[in-house]
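I opened my notebook to keep track of what I looked up in this structure. Come and read along with me.

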Amino acid sequence: MNAKVCEPRIVLFLCSLISILSITPALPAFGEVRLDDGNNIYQLTIADKNYPIKYQITGTGNKVNNISAETDNATLLVNVLSQSNGRLSIELPRNIIDSKKEGDVDDRYIVFQDGQVTSPEEIITNSQARILAIDFDKGIGQIEISGSKIMPEFGALSALIFAVSTAAMIVVRMKLHKS
């Protein structure tokens, strides 16, 4: 049997595959740099772009292992090695993650430590960033910071792929309906 690339079934399959591959619910982050002022910068990589996340962590033997972003629920996941009680101070740039309620008014971030809700202290708020301080106990492995939006929510490429896929499916459906 000789299959043609332009057959409706193949076009639908390819469009569906492209749409599925463009969905990225959890995006890995990597790369850490220590600054002279005691801050660390973690290079969060989303869709081939680097977004610096500044943080400080206190406590003997405590460190941040990695930071990742979950775009489907606007959450930053901070994996920590906590060998003692400590505090994570993290700067959340508004162009990366923010928490707003109706009327573009700042709202509280929801923070979890190993799945348990905790109350962070918001140290600084300005037009560029918000800094949270989160106290944690020895043994905590993950701190989740949930906002109302994470950037980029949908990149231009994802929107273009979705539009092209939808148009292709409509054209194929119309061709099939005529035959």
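**Entry 1: the model.** I noted at the start that this is a predicted model.

**Entry 2: a hairpin.** I looked up how β13 and β14 go together. Strand β13 covers residues 121–125, strand β14 covers residues 129–136, and the two pair in the antiparallel sense. I found four bridges between them. With three residues between them, β13 and β14 form a hairpin. Which residue of β14 is the bridge partner of glutamate 122? I found leucine 132.

I began with arginine 94 and aspartate 98, which form a salt bridge with their closest N and O atoms 3.1 Å apart. Are these two buried or exposed? Arginine 94 counts as buried because its relative accessibility is 14%, under the 20% limit. Aspartate 98 is buried too, with a relative accessible area of 3%.

Next I looked up lysine 100, which forms a salt bridge with aspartate 104. Here the closest N and O atoms are 3.9 Å apart. Lysine 100 is partly exposed at 22% relative accessibility, whereas aspartate 104 is exposed at 57%.

Then I turned to aspartate 106 and arginine 130, whose side chains meet in a salt bridge at 3.9 Å, N to O. Aspartate 106 lies in strand β10 (residues 105–106) and arginine 130 lies in strand β14, so this pair ties together parts that are 24 residues apart in sequence. Aspartate 106 counts as partly exposed, at 28% relative accessibility. Arginine 130 is buried, and its relative accessible area is 2%.

I also checked how these residues are connected. A network of salt bridges links Arg94, Asp98, Lys100, Asp104, Asp106, Glu122 and Arg130.

**Entry 3: two loop residues.** Most residues other than glycine have a negative phi, so I wrote down the exceptions I came across.

Aspartate 104 is not a glycine, yet it has a positive phi of about 60 degrees. Where does aspartate 104 lie? I found it in the loop between β9 (100–101) and β10.

Aspartate 114 also has a positive phi, near 50 degrees. Its place is in the loop between β11 (110–113) and β12 (116–118). At 41% relative accessibility, aspartate 114 counts as partly exposed.

**Entry 4: the largest nonpolar core.** I looked up which residues touch the most other members of the largest nonpolar core, which has 28 residues. They are Leu44, Leu76, Val78, Leu88, Ile90, Ile143 and Ile145. The elements giving two or more residues to this core are β3 (40–46), β4 (49–57), β5 (63–70), β6 (75–81), β7 (86–93), β14 and β15 (142–146). Which element gives the largest share? That is β4, with four residues.

I ended with isoleucine 143. Leaving aside neighbours within four places in sequence, isoleucine 143 is in contact with several residues, including Leu76, Val78 and Leu88. Its contacts also include Phe112, Ile134 and Phe136.

Key:
Residues numbered from 1 in each chain as written. Predicted model: local features only at pLDDT ≥ 70, side-chain atom pairs only at ≥ 80, totals over all residues. Heavy atoms only, no water. Pairing = 2+ DSSP bridges. Salt bridge = Lys/Arg side-chain N within 4 Å of Asp/Glu carboxyl O. Buried < 20%, exposed > 50% of the residue type's maximum accessible area, 1.4 Å probe, protein only. Core = buried A, V, L, I, M, F, W, Y, C linked by side-chain atoms within 4.5 Å. Contact = heavy atoms within 4.5 Å.
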